[in-house]
Each structure stands twice: as structure tokens, then as C-alpha cells.
Amino acid sequence: MSEPYLDLRLGELFDSVTERGGHGAGAIAALSAASAAALVELAARASDLEQWPEAAGAAAQAKRLRERLVPLAREDAEAYQAAVSRSCRSTTTTLRSVRRSPAPQTSRWRSHDHAENVSALAAEAAARANPDLRADAAAAAALALGAAWAAAKLVEVNLAMHSEDPRLARAQQIAAGATRTAREALTVGE
């Protein structure tokens, strides 16, 4: 892949996901969490400060999370591509072992942690943002939930050979936390 990952047009990005050695699930999970953060930022910026006095801080936090997640998507994609490239040079290495490679693990872990934070922010925005944008905040919570669960699954697969690794339990805690906050956001007003 010669063009930098995040410089691809959206259609090209999705096409690259379908190719072996393209952009894997970790990168897509990070981009989903970044998209969720952007929606939270939108909801917070457009909110009345009398209704949600902390909206400016929430918008700034969402922006910081988005700015952290986008490079993690690139980092994960590059690590995954390198792992696949190494496996292609070895006829005995399978794609399954590539997925268990520790190379993408760090970016996946940070994406996972950030997705939980985005989910919590989205739940707050769904309850306190401008009523016209609460559905956007709820959608952000759903995206962040999906990103957190996807990253948790990737952590689980990558650490399958190390069942006592405390990161497995932490990944499950993060996914459960994202589930709780997403449920809050998705049920506001019911």
C-alpha cells in the first residue's frame, strides 16, 4: 500500500480493509471511536452553557480523544501491515498467528481505553446536550461501544496464549463499562 493510510478516500479505505495486509479491525475500531468523539464534540459545542455548564470542557476532551485516536488507527494499520508482510515471507505463518502478533497490541490497548472514555462522554452528552443533538450523542455512544468491544476482542485474541495476563481482565472491564455508559446514552428520555 503506497498511499498513507489516512490520506485515502473513504471508499479506498474500505476497499483496503478487504485486502489481506490491508487495514485490520484494530484500525477500524480506532476510527469508529474517533468518529464517536467527533459526534460528542459536535453535541457539546452546540449546547447551551446554561443547560450544560461543562459543555466546553466536554468538547475539548472529545477533541483530545479524537486527536489521540486517529494516529492510533494509523499505528495499528501500519503494525498490522508489517505483521502480515512478515507472515507472507514465511510459508508456515498463518493469518491467525499474525493476529496474535504483539506488534499492534499497544495501539489496540490505547484505542480500547480511549473508546471507553468516549463512551462515558457520549452518555453525558446524551443526557445534557442540546436536545436536537442528543441523538447524535447516543449514536456516538453506540459507535464507541462497538469500538470498545472490537478492541476488547482483539486484545483477547492477541493475548490468548497468555491467559493470566491482567490486560485480559482489564479489556473485559473496559468493554463492560462502555456497555453501561452506552446503555445510559441510548435510553435517555425513555
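The legends below walk through close-up views of a predicted model.

Residues are numbered from 1 along each chain as its sequence is written, and side-chain values use heavy atoms, with hydrogens and water left out. Because this is a predicted model, local features need pLDDT of at least 70 and side-chain atom pairs count only at pLDDT 80 or more, while totals for chains, interfaces and linings use all residues.

View 1. The chain holds seven helices and zero strands, where helices (H or I, at least four residues) and strands (E, at least two) are DSSP runs numbered from the N terminus. Followed along the sequence, the pattern reads α-α-α-α-α-α-α. Of the 190 residues, 44% count as buried; buried means under 20% relative accessible area, exposed over 50%, and partly exposed in between (1.4 Å probe, protein chains only). Taking contacts in the chain with a separation of 6 or more, 72% come from residues 24 or more positions apart, a contact being heavy atoms within 4.5 Å.

**View 2. A nonpolar patch on the surface.** Here you can find Leu10, Phe14 and Val17, which together have about 280 Å² of accessible area. Patches are made of residues with over 30% relative accessible area and no salt bridge; like charges are joined within 9 Å, and nonpolar side chains (Val, Leu, Ile, Met, Phe, Trp, Tyr) within 5 Å. Val17 belongs to helix 1 (residues 10-17) and is partly exposed, at a relative accessible area of 33%.

**View 3. The largest nonpolar core.** Which residues touch the most other members of this core? They are Val40, Ala43, Trp52, Val118, Leu121 and Ala125, out of 34 residues. At least two core residues come from each of helix 2 (25-45), helix 3, helix 5 (105-128), helix 6 (134-158) and helix 7 (166-186). Helix 2 gives the most, with eight residues. For the record, a nonpolar core is a set of buried Ala, Val, Leu, Ile, Met, Phe, Trp, Tyr and Cys residues joined through side-chain atoms within 4.5 Å. Zoom in on Val40 and, not counting residues up to four places away in sequence, you will see it touch Ala62, Val118, Leu121, Ala122, Ala125 and Ala140.

View 4. Ala62 sits in helix 3 (residues 55-89). Is Ala62 buried or exposed? With a relative accessible area of 1%, Ala62 is buried. Beyond its neighbours within four places in sequence, Ala62 is in contact with Ala37, Val40, Glu41 and Leu121. A handy distance to check is the one between the C-alpha atoms of Ala62 and Ala44, which are 18 residues apart along the chain and separated by 8.7 Å.

View 5. The side chains of Glu41 and Arg66 meet in a salt bridge, 2.9 Å from N to O. Glu41 lies in helix 2 and Arg66 in helix 3, so the pair ties together parts that are 25 residues apart in sequence. Glu41 is buried, with a relative accessible area of 8%, whereas Arg66 is partly exposed at 25%. Glu41, Arg45 and Arg66 are linked in a network of salt bridges. The rule asks for a side-chain nitrogen of Lys or Arg within 4 Å of a carboxyl oxygen of Asp or Glu, and by it the count comes to five salt bridges.

View 6. In helix 3, Glu67 and Lys63 are four residues apart, or about one helical turn, and their side chains meet in a salt bridge (3.9 Å, N to O). Glu67 is partly exposed at 44% relative accessibility, and Lys63 is partly exposed at 32%. In helix 5, Arg128 and Glu124 also lie four residues apart, about one turn of the helix. Their closest N and O atoms are 3.4 Å apart in a salt bridge. Arg128 is partly exposed, with a relative accessible area of 27%, and Glu124 is partly exposed at 29%.

**View 7. Threonine 179 in helix 7.** Thr179 has its place in helix 7 and counts as buried at 19% relative accessibility. Which residues does Thr179 contact once neighbours within four places in sequence are left aside? Thr179 is in contact with Leu145 and Trp149.

Methods
Areas by Shrake-Rupley, 256 points an atom, 1.4 Å probe, with all protein chains shown as cover.
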